[in-house]
Amino acid sequence: MIGNKVPDEFTDGIGACPSLTPAVAFPSQWCRRGQCLVYGDEGPKPIDGQWSPWSEWSECSRTCGGGVTYKERHCDSPNRVYRVCNAQACQRHAVSFRAQQCAEYNSRPFRGWYYKWKPYLKVDGKTPSLYCIAEDFDFFFAMSSKVKDGTPCVENRFDVCIDGICEAVGCDRVLGSNAVVDACGVCNGDNSTCTFFRGQYHEQHRANGKYTRS
């Protein structure tokens, strides 16, 4: 059966080769450039499946506000590992990372016209797509299927989008961490650094007045 032509939907090395009769397949053969071949014939040589050493960390996706960086290694299936980087806060009035991405389309024609774009956030939360709305108009559009790595899934939260997926980030800015801020505003705290006041208020609040606590 070597050299049988296989259907176009079978790509190189994917699955067992089909025969001319659909009920029979040849597991000792594979698809190679549209032909059904015995393993080893005109195919790539086997390679050692061990992973290569990790690369150096890549450039951070953001200069502030908590971007992500990655290092990778190679084998049959390349893989990456990420971590948060440049986690220091951005300047108070800095343009948000999502807004920067929308603004990149200001200089590109959209259906023959130029618009100024800003983030559109009234969509499903934690969406990986970059939705932007045209200023002074009432239409929005998914400008990209996924935002850049390090974009907050939700504003004022630590979680970030990585390769189109919203990944959890703790208040310690560690990827995958479940660390949270306690009631006192301390990361991973135990609520022991602030004072709690409890009581019942019996009088209705008066404008510019005070409550009487019992």
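Biologist: Which side chain meets that of lysine 148 in a salt bridge?

Modeller: The model is predicted, and what follows should be read with that in mind. The partner of lysine 148 is glutamate 104, and the N to O distance in this salt bridge is 2.7 Å. The pair links distant parts of the chain, 44 residues apart. Lysine 148 sits in the loop between E10 and E11, while glutamate 104 belongs to the loop between helix H1 (97-103) and E8. Lysine 148 is partly exposed at 38% relative accessibility, and glutamate 104 is partly exposed at 34%. Side chains of opposite charge can pair when their charged atoms come close.

The count of salt bridges in the structure is 2. Lysine 146 is partly exposed, with a relative accessible area of 38%. Aspartate 163 is also partly exposed, at 46%.

E8, E9 and E10 form an open sheet of 3 strands in the order E8-E9-E10, with antiparallel pairing. E8 and E10 stand at its edges with a single partner strand each, so one side of each has no neighbour in the sheet. On average, neighbouring strands of this sheet are turned by 45° against each other, direction ignored. Between E9 and E10, which run antiparallel, there are 4 bridges. Isoleucine 133 stands opposite phenylalanine 140 in E10.

The other open sheet also has 3 strands, ordered E11-E12-E13, and its pairing is antiparallel. Its edges are strand E11 (151-152) and strand E13 (165-167); each has a single partner strand, so one side of each is left without a neighbour in the sheet. E11 pairs with strand E12 (residues 160-162) over 2 bridges, in the antiparallel sense. Proline 152 has valine 160 in E12 as its bridge partner.

Aromatic contacts bring the account back to E8, E9 and E10. The structure holds 12 aromatic pairs. Tryptophan 117 lies in strand E8 (residues 117-119) and phenylalanine 139 in the loop between strand E9 (130-134) and strand E10 (140-144), so the pair ties together parts 22 residues apart in sequence. Tryptophan 117 is buried, with a relative accessible area of 4%, whereas phenylalanine 139 is partly exposed at 25%. Both rings belong to a cluster, linked by ring pairs, that consists of Phe110, Tyr115, Trp117, Phe137, Phe139 and Phe141.

Arginine 108 lies over the face of tyrosine 105, at 4.6 Å from the ring centre.

How values were computed
Residues are numbered from 1 along each chain as its sequence is written. This is a predicted model: local features need pLDDT of at least 70, side-chain atom pairs count only at pLDDT 80 or more; totals for chains, interfaces and linings use all residues. Side-chain values use heavy atoms; hydrogens and water are left out. Rings of Phe, Tyr and Trp (its six-membered ring) pair if their centres lie within 6.5 Å; planes under 30 degrees apart count as stacked, over 60 as edge-to-face and the rest as tilted. Buried means under 20% relative accessible area, exposed over 50%, partly exposed in between (1.4 Å probe, protein chains only). A charge sits over a ring if NZ of Lys or CZ of Arg is within 6 Å of the ring centre and within 35 degrees of the ring normal. Two strands pair if DSSP finds at least two bridges between them. A salt bridge is a side-chain nitrogen of Lys or Arg within 4 Å of a carboxyl oxygen of Asp or Glu. Axes are lines fitted to C-alpha atoms, for helices over the stretch in contact, and angles run from 0 to 180 degrees between N-to-C directions.
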